[in-house]
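Student: I would like to learn how to read a protein model. Can we take one feature at a time?

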Amino acid sequence: MTLLEQVTPFISFIPFGILGILLFIQLYYLIFVYGKLAGYRVKSFQEATPQPPVSVIICAHNEQENIKTFLPGILEQEYPDFQVVVVNDCSTDDTEWILQDFLRQYPDKLKVVQIQEHVQLKHTKKFAVTLGIKAAKHEYLVFTDADCQPNSKLWLAEMAGAFTEDKEIVLGYSPYFRHRGFLNRLIRFETTHTAMSYLAYALKKNAYMGVGRNLAYTKSLFFKGKGFNKHMHIKSGDDDLFVNHNATRSNVNIAIHPDSFMHSVPKDTWKSYYKQKARHSGASVLYKSRHKRMLATQLVTAVLFYLTLLASILLLPSFWYVPLAAYLLRLLVQYIIFSNIYRKLEVRDLLLWLPFLDLFYYFYICINGLFNRKKKQTSWK
C-alpha cells in the first residue's frame, strides 16, 4: 500500500477537523463574549445622584414629519435640568418653521442652530454634530436622531445617570420599531446582534463602538480628542469611530434598562437598508487594528462554519450526523445565551427566527461589506 493510499482516509476527514476548529472559535464568542452580556444584571440609573445638567443634541436634515412626531418626547423628559439642541442642517422642507413653533412652546428648553447651504462648501453630518456640541451649554452630552422616540420619560435620567465615577462615555441601546415582513425582522436582528457585540465588549472593558441614536459622552472628551479630526474625511463615523478612538478600559458605561431604550424608524426598502449598511462598512476600516481583527475573526469563522457544514455533508454524506451535531450544538448554545440577552433587549420574538436569520445575516453582511468597504460615501445619513 502506497503512502498516498495510507493517508487518503485521513485526508478525507479534514473538513471535520476544520469544522471542529471553527465550532470552537464560535463557541468562544458565544460563551465568553456574548455570555458577558447574558450574565449582566441590568441596572437602573434614574435615581443616581447628583443628576448633572445635560444637553441633548439632534441633527436634522429634511426631517419635518419626524420632528413633529418625535421631538415632543425629548422635550418632555422628566429630568431636572436639560436643554435640547437641534441642528437644522440645510433642510429644504419645513423643518425650520416647525422648529420655530417648538421654540415658542419650549423657549427655556430648546435651542436651534441653523446651517445654511453654501454653493462651494459641502460638509458632512460631523460638521453639524460639532456645531451642536459647541452650542451646548452643558458638559454632559446625549445624542439621538430626529427619527427616534424614547421608550419612556425617564430615558434621559437613565442615560445621564450612567455618568458614574470616571465614566466619560455611555453606550445606550436603540432598537428599531417592530413592523411586519422579513426585512424588518432582519434589520431588528442585525441591530440586536450589533448591540450584543458592542455592549458585551464594553463589559469586557474593550469598547469599540456605539450607536449615535442613543449615545452620550462629555464635551471635555470631545475636545480633548480633537473631535472628529482623525476621520473627518469620511461621512460616517460620528458615533462608532468617535467611541473607537476615545474609549479606554475604564471610561465607558452601558445603559440598557428598558427606560433607557431609544426606538428608531427602520428602513422599509432593501435598497435603503443596503445603503445604510454600506455606509457603516466604510467607517469600520478605520477601527483600531485589534478591533478589526476580533470582529473579522467572528464574522469570517461564522461564514466558514456554514460553508464547512455544507462541504462536510457533500464530501462525506455517510457521516452526515457529524456536521448536524456541530450545527445543533452551536444553535443550542445560541439559544441559551441569546434568550437571556433577547429578554433584556426586548426582542424575544426573534428567537423563533434565529436559525434562518443567523444564516442570512452573516452572508448578507459579509457580501455587503466586501463590496462597500472602500466605496466612496455620498449621503448625509
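Student: Which residue in S8 stands opposite isoleucine 169?

Tutor: Valine 252 stands opposite isoleucine 169. A note before we go on: this is a predicted model, where local features need pLDDT of at least 70, side-chain atom pairs count only at pLDDT 80 or more, and totals for chains, interfaces and linings use all residues. Residues are numbered from 1 along each chain as its sequence is written, and side-chain values use heavy atoms, with hydrogens and water left out.

Student: What makes two strands a pair?

Tutor: Two strands pair if DSSP finds at least two bridges between them. Strands (E, at least two residues) and helices (H or I, at least four) are DSSP runs, numbered from the N terminus. Here strand S6 (residues 169–171) and S8 pair in the parallel sense over three bridges.

Student: In what order do the strands of the sheet lie?

Tutor: The order is S3-S2-S1-S4-S7-S6-S8. These seven strands form an open sheet with mixed pairing. Strand S3 (110–115) and strand S8 (252–254) stand at the edges; each has a single partner strand, so one side of each lacks a neighbour in the sheet. From one strand to the next, the twist averages 20°.

Student: How do the partners of S4 run, parallel or antiparallel?

Tutor: One of each. Strand S1 (residues 54–60) pairs with S4 in the parallel sense, over six bridges. There, valine 54 has tyrosine 140 as its bridge partner. Strand S7 (residues 215–218) pairs with S4 in the antiparallel sense, over four bridges. There, valine 142 has alanine 216 as its bridge partner.

Student: How many residues of S4 are buried?

Tutor: Buried means under 20% relative accessible area; exposed means over 50%, and partly exposed is in between (1.4 Å probe, protein chains only). In strand S4 (residues 140–145), five of the six residues are buried.

Student: How is a pair of aromatic rings described?

Tutor: By the distance of the centres and the angle of the planes. Rings of Phe, Tyr and Trp (its six-membered ring) pair if their centres lie within 6.5 Å; planes under 30 degrees apart count as stacked, over 60 as edge-to-face and the rest as tilted. A search of the whole structure finds 32 aromatic pairs. One of them joins tyrosine 273 and tyrosine 364: it is stacked, at 5.7 Å centre to centre and 5° between the planes.

Student: Why does that pair tie together parts 91 residues apart in sequence?

Tutor: Because tyrosine 273 lies in helix H10 (residues 270–284) and tyrosine 364 in helix H13 (residues 354–372). Tyrosine 273 has 0% relative accessibility, so it counts as buried. Tyrosine 364 is buried too, at 17%.

Methods. Axes are lines fitted to C-alpha atoms, for helices over the stretch in contact, and angles run from 0 to 180 degrees between N-to-C directions.
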